Amino acid sequence: MLASLNNREIAKLVTVGAPARLSAKNVVSAIASEFGAAIHGLAKQDYLRGAWNKRKISDLRGTYEEHDWSEILTGVYYDLLQYLYVRNLKDLSRQPHGKARDQQWAIRALFRAANQTANVMLRAIDYCPPVDLRYDEYARALLRADEVAYPDDAYGIRAELKRIFRQRGLQPPSEDRRARADILYALRGAKDIDAITATPADAYRFLDEFRHLFQIPFDANLSVVSVYRTKKRARSGYWAPKERVIEFTWSEDVELKGPGFGQLASTLMPLHCGGTLVFDGNGNFLHMTLVLPTEERRKSLLQYARYLVRSGSLGVSDGTSGIGAPDGGNFRIRATIESRRVRLQRNAAMRHARPGADHHAEGLA
């Protein structure tokens with residue numbers, strides 16, 4: 001959808017008649033539907049997934065199919081695109097001769113809206129955790145990243161996003177103000193703020209010194225995934241504030257005990273934890289997100305492991321490598337077991353396969 005909106009011919013098709021609002025079903029919003037129909041072997045009129053959907057989080061409880069979950073984010077994107085198209089079209093129509101060139105103004109409004117929407121959706125990635133990202137946390141990242149870049153919210157984007165989130169059942173978590181104040185104090189106490197993000201080793205030393213602030217267990221094997229600085233420029237020429245970003249992870253083992261785990265019974269599966277810290281060159285705290293080893297997450301991991309076994313999505317290998325080694329079979333996800341520890345890896349060739357399709361799962365259930 002993002003790519004298609006950079007094409008002027010597609011923009012012409014979408015804006016025929018200079019509509020005051022984008023059609024719910026058009027060549028752009030139908031891309032998801034056409035793609036879904038193709039991978040599931042259905043006529044596209046029989047496949048209802050599209051950007052016009054009104055799916056809510058509550059509709060997907062107990063569902064592990066990622067393509068179903070994608071409808072939420074696709075819908076959020078299209079809802080915001082619709083809002084910004086209407087807003088930009090109104091702004092352009094106020095200009096001299098704005099009514100005389102209806103479709104040209106509509107195309108310009110669509111291009112502007114597409115650029116703004118893409119910036120909002122992609123800018124938030126820097127504010128997301130490096131592990132186990134959930135929609136509620138992504139929604140929080142959308143709001144905060146936009147607030148840092150555009151504090152005044154002249155287009156009302158954050159207000160509209162909050163409305164969209166309510167409709168979709170998304171509940172962005174609130175900020176821990178005490179943690180914010182403590183980390184700000186730690187940042188301000190640094191002799192050289194740039195040195196914290198000079199190298200991964202420097203970032204590690206900072207995190208290790210303040211493990212208690214980031215709720216990192218003192219016996220956890222902490223790893224700094226990435227350290228980088230941003231330099232973001234909009235097409236309008238606006239430069240967003242420069243950010244320093246540190247992403248870090250650790251893990252703990254969860255034993256797969258009880259019925260329903262098949263060959264995975266009594267093995268240890270990693271529960272990945274971590275966080276992202278964002279601040280500026282003056283030591284100002286901008287954002288933090290943490291994914292902690294809660295009991296709820298442990299239960300969710302166990303449920304997911306049972307689902308993989310039950311649905312026949314999982315192929316198991318013993319970690320042997322080299323010529324003639326087992327490859328886990330023709331499964332969506334491969335589980336490698338070494339010294340009781342399980343490592344999961346997706347099979348890229350099977351990423352669009354339905355659970356349990358075209359293979360057998362003997363010995364797993």
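Trainee: Is aspartate 79 buried or exposed, and how do I read that from a percentage?

Mentor: This is a predicted model, and burial is judged from relative accessible area, where a value under 20% means buried. Aspartate 79 has a relative accessibility of 11%, so this residue counts as buried.

Trainee: Where does aspartate 79 lie, and which residues is it in contact with, once its neighbours within four places in sequence are left aside?

Mentor: Aspartate 79 belongs to helix α3, and, with those neighbours left aside, its contacts are Lys54, Ile164 and Arg168.

Trainee: How should I describe two helices that pack together, taking α5 and α6 as the case?

Mentor: Two packed helices are described by the angle between their axes and by the distance between those axes. Here helix α5 (residues 135-149) packs against helix α6 (residues 157-168) at an angle of about 175°, and the axes are 10 Å apart. Because angles over 145 degrees count as roughly antiparallel, α5 is roughly antiparallel to α6.

Trainee: Which residues of α5 and α6 meet, and how many of the residues in the contact are nonpolar, polar or charged?

Mentor: From α5 come Ala139, Leu142, Leu143, Asp146 and Glu147, and they meet Ile157, Arg158, Leu161, Lys162 and Phe165 of α6. Sorted by class, the contact of these two helices holds six nonpolar and four charged residues, with no polar ones.

Trainee: How many aromatic pairs does the structure hold, and what would I look at in one of them?

Mentor: There are seven aromatic pairs in the structure. One of them is formed by tyrosine 64 and tyrosine 304, whose rings are 5.4 Å apart centre to centre with 45° between the planes, and this pair is tilted. The two partners come from distant parts of the chain, 240 residues apart, since tyrosine 64 sits in the loop between α2 (31-40) and α3 (66-93), whereas tyrosine 304 sits in helix α11 (residues 295-310). Tyrosine 64 is partly exposed, at a relative accessible area of 27%, and tyrosine 304, at 22%, also counts as partly exposed.

Trainee: Why is the pair of tyrosine 304 and tyrosine 307 called stacked?

Mentor: Planes under 30 degrees apart count as stacked, and the planes of tyrosine 304 and tyrosine 307 are at 25°, with ring centres 6.1 Å apart, so the pair is stacked. These two tyrosines are three residues apart in helix α11, which separates them by about one helical turn. Tyrosine 307 has a relative accessibility of 11% and therefore counts as buried. Elsewhere, ring pairs link Phe206, Phe210, Phe214 and Phe248 into a cluster.

Trainee: In which sense do β5 and β6 run, and in which sense do β6 and β7 run?

Mentor: Strand β5 (residues 314-317) runs parallel to strand β6 (residues 333-338), with four bridges joining them, whereas β6 and strand β7 (residues 341-346) run antiparallel and are joined by six bridges.

Methods. Residues are numbered from 1 along each chain as its sequence is written. This is a predicted model: local features need pLDDT of at least 70, side-chain atom pairs count only at pLDDT 80 or more; totals for chains, interfaces and linings use all residues. Side-chain values use heavy atoms; hydrogens and water are left out. Rings of Phe, Tyr and Trp (its six-membered ring) pair if their centres lie within 6.5 Å; planes under 30 degrees apart count as stacked, over 60 as edge-to-face and the rest as tilted. Buried means under 20% relative accessible area, exposed over 50%, partly exposed in between (1.4 Å probe, protein chains only). Axes are lines fitted to C-alpha atoms, for helices over the stretch in contact, and angles run from 0 to 180 degrees between N-to-C directions. Angles under 35 degrees count as roughly parallel, over 145 as roughly antiparallel, 65 to 115 as roughly perpendicular and the rest as oblique. Contact means heavy atoms within 4.5 Å. Ala, Val, Leu, Ile, Met, Phe, Trp, Tyr, Cys and Pro count as nonpolar, Asp, Glu, Lys and Arg as charged, and the others, Gly among them, as polar. Two strands pair if DSSP finds at least two bridges between them.
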